[in-house]
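This report looks at a few residues and their surroundings. The sequence and structure come before the details.

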Amino acid sequence: MPLWQELPLLLIVAFCLAVLIRTFLLQAFFIPSGSMEDTLLVGDRVVVNKVVYNVRDPERGEVVVFRGTDQWAPQVDAQPPTGFVDRFGRTVGDLLGVGRPGEKDFIKRVIGLPGDRVSCCDDQGRVLVNGTPLDESAYVLRDSPLDLPPNPAECRSRRFEEIVVPPGQMFVLGDHRLVSFDARCQGTVPIDNVVGRAFAVVWPSSRWHPLPVPETFATVAPPPAATGGAAPVRPTSDGGVVLVLPITAALSVLARSGRWRPAGQRRLLP
């Protein structure tokens, strides 16, 4: 084919592949606030694995993107498009996964899973999960002061009463505890609301780095009510990046659409 015919076809194919990848496999998210500093800074872009939680549940210590419930206040101001060019640009950006985040899209770190008892603080000011103190010095560089009294209307205080994470929920916190509005004051989040796991910062290039699970979470005791059963699928050594074969991708599409879903497979909310 002549170049003038081949080039538009290649662009269409590339656009369709980008949309498919963004919808089912990977998506880039823009960080709009300082709630995860200094792990994530305002303006960073992270890549989110959207298929990994189709084969396993989230793990403590992972950084996840999720849709907040009605209790969660929007973290960004939704500004309506002002013209055709603006609307078109936002539509293309959303399709490719490089647009502005939605007002109900949040990114936090998983601290507690169903059945876990989470509280703060011990005599050293550390968060406790099932009685195990977390050494968060590797990622919490801006913690709240210990003398700030708890206030249910805001999340500035480091201290909060023990919370038993309900079934099907997770307890999440931002790494910048002084400014992060998270589960301390807005409640737990349904695991079904998770969009995917953020596994790397990819932009700006000077800040490229992976987002591994801190070692402190490996020592957390299981919840008191934990019983025997099938062992959970653990994260992969590469940070949870799953390479999906065509057949796996097809099964993932069917599972998300509800046409096929094995027993125990969870389904993302619309």
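## The contact between Lys108 and Ser35

The side chain of Lys108 forms a polar contact with the side chain of Ser35, at 3.1 Å. A polar contact is a pair of N or O atoms within 3.5 Å; within protein, one must be able to donate a hydrogen and the other to accept it, and residues adjacent in sequence count only if both atoms are side-chain atoms.

This is a predicted model: local features need pLDDT of at least 70, side-chain atom pairs count only at pLDDT 80 or more, and totals for chains, interfaces and linings use all residues. Residues are numbered from 1 along each chain as its sequence is written, and side-chain values use heavy atoms, with hydrogens and water left out.

## The annotated site

An unreviewed UniProt entry lists Ser35 and Lys108 under "active site". They are spread over 74 residues of sequence but cluster in space, with a largest C-alpha distance of 8.0 Å. UniProt positions are given in the numbering used here, feature names are shortened, and annotations may be inferred rather than shown by experiment.

## Where the two residues sit

Ser35 is in the loop between β1 (26-30) and β2 (45-49), whereas Lys108 belongs to strand β4 (residues 105-112). Strands (E, at least two residues) are DSSP runs, numbered from the N terminus.

Ser35 has a relative accessible area of 6% and is therefore buried; Lys108, at 1%, is buried too. Buried means under 20% relative accessible area, exposed over 50%, partly exposed in between (1.4 Å probe, protein chains only).

Terms used: Helix = DSSP H or I, 4+ residues; strand = E, 2+ residues; numbered from the N terminus.
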